[in-house]
Every structure is written in structure tokens, then in C-alpha cells.
Amino acid sequence: MSIFAAAVARSKNGWTASELDLAVLADIDEVVDALRDTEPDADLALLFVESDDEYLAILRLDEGEDLRVFGSDSGFAEESRIGSVLLGEIETPALGLDDLAVEDDEDKPADPDADPVGDADLLGDLGLNAQRLLALCGREGMLPSDVTAEICQKIGCGDEMEELREA
């Protein structure tokens, strides 16, 4: 399985982005420690994990302590050791795809079989609510890297993520 893991962290000096190697990490606590270590003074750190152009997991760490996790599809935990580490103990989100109040076709998920897990509203205070995140993850033709890029542009770290991918 091809995995890309990028951490973005926001501190008083702005956003920074760095790639993480998750292959050597044994459990979620080690992942959290690695995320925390990317920018120890960050008030907010996000980890975007993209797998095989199919799955996306997002971890959010506030003030180095409060962990919230979202996965675009529970299948990631079943098909990958890293997916299992990230999503293995997560329950289905309270807001499912069938519960979305769709405002227009752009927000309508294309994949009714997707089984998102975790906290779909983990980016709500950054301007991307649960409905929009679920719609992005389920939109036809959107790869996990496309979703990550759109999220990063929306929250203000798009340039940092783009530089990381080009490096």
C-alpha cells in the first residue's frame, strides 16, 4: 500500500508542513507523539494520511493533547496496518452520509457505499463543516490528495502543503 503522511502545524509563526514516516510507528500513541514532535509549540497540528488514492485519514491535535480522528472509509482500517493503527478503535460518526442535508449537487456524495468513521466535524472551527468534509471525501473523481489540497487551501496552509509535495 502506498502511504503519504503530511503533518501541518500552526504556531504563532504561522503554518509549517512536514512529511512523516508512519511505517515505523506501532500504535496511535506513537503517531500522536510524532505529530506533536513536528512542531512542539503548535496550538494546532493536523496529520493527513493518504493511502493508494483511495483512503484519507485526518488526525487533529489541539494544544498537543486533544486528539480527534476522521477516516474517509472504514475499509482503510481493514486493508492496512497503518489504517488499523489510525482508525482501528474509531466508531462511525454521528453524522452519516444518509443524514446530510444536501444544499446542491456539489455537496452530494457520489459514493453511497463509503463508510466514513470518526469525527467528521474536526475541522468545523476552521471553516470546513462535517457536511462539506463528507461531501469532499465522497465526490466522484476526488482523490485523497485532492481532498487534502482543498482542505489545506480552505484553512490557510495550502502553500505549505504544495511546497511539501513538490520537495
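**View 1. Helix H4 and its packing partners.** The buried residues of helix H4 pack against strand S4 (55-62), strand S5 (66-71) and helix H5 (144-155). This is a predicted model, where local features need pLDDT of at least 70, side-chain atom pairs count only at pLDDT 80 or more, and totals for chains, interfaces and linings use all residues. Residues are numbered from 1 along each chain as its sequence is written, and side-chain values use heavy atoms, with hydrogens and water left out. Eight of the nine residues of H4 (residues 130-138) are buried, so the helix is largely enclosed by the rest of the structure. Look for Leu 133, Leu 134 and Leu 136 among them. Here, buried means under 20% relative accessible area and exposed over 50%, with partly exposed in between (1.4 Å probe, protein chains only); packing is contact between heavy atoms within 4.5 Å. Helices (H or I, at least four residues) and strands (E, at least two) are DSSP runs, numbered from the N terminus.

**View 2. A stacked aromatic pair, Tyr 55 and Phe 76**. Rings of Phe, Tyr and Trp (its six-membered ring) pair if their centres lie within 6.5 Å; planes under 30 degrees apart count as stacked, over 60 as edge-to-face and the rest as tilted. The count comes to one aromatic pair. Its ring centres are 5.4 Å apart and its planes at 15°, so the pair is stacked. Tyr 55 in strand S4 and Phe 76 in helix H2 (residues 75-79) are 21 residues apart, and both are buried.

**View 3. The two sides of helix H6.** Gly 158, Met 161 and Leu 164 are the buried residues of H6 (residues 158-166). The face turned away from them carries exposed Asp 159, Glu 163 and Glu 166.
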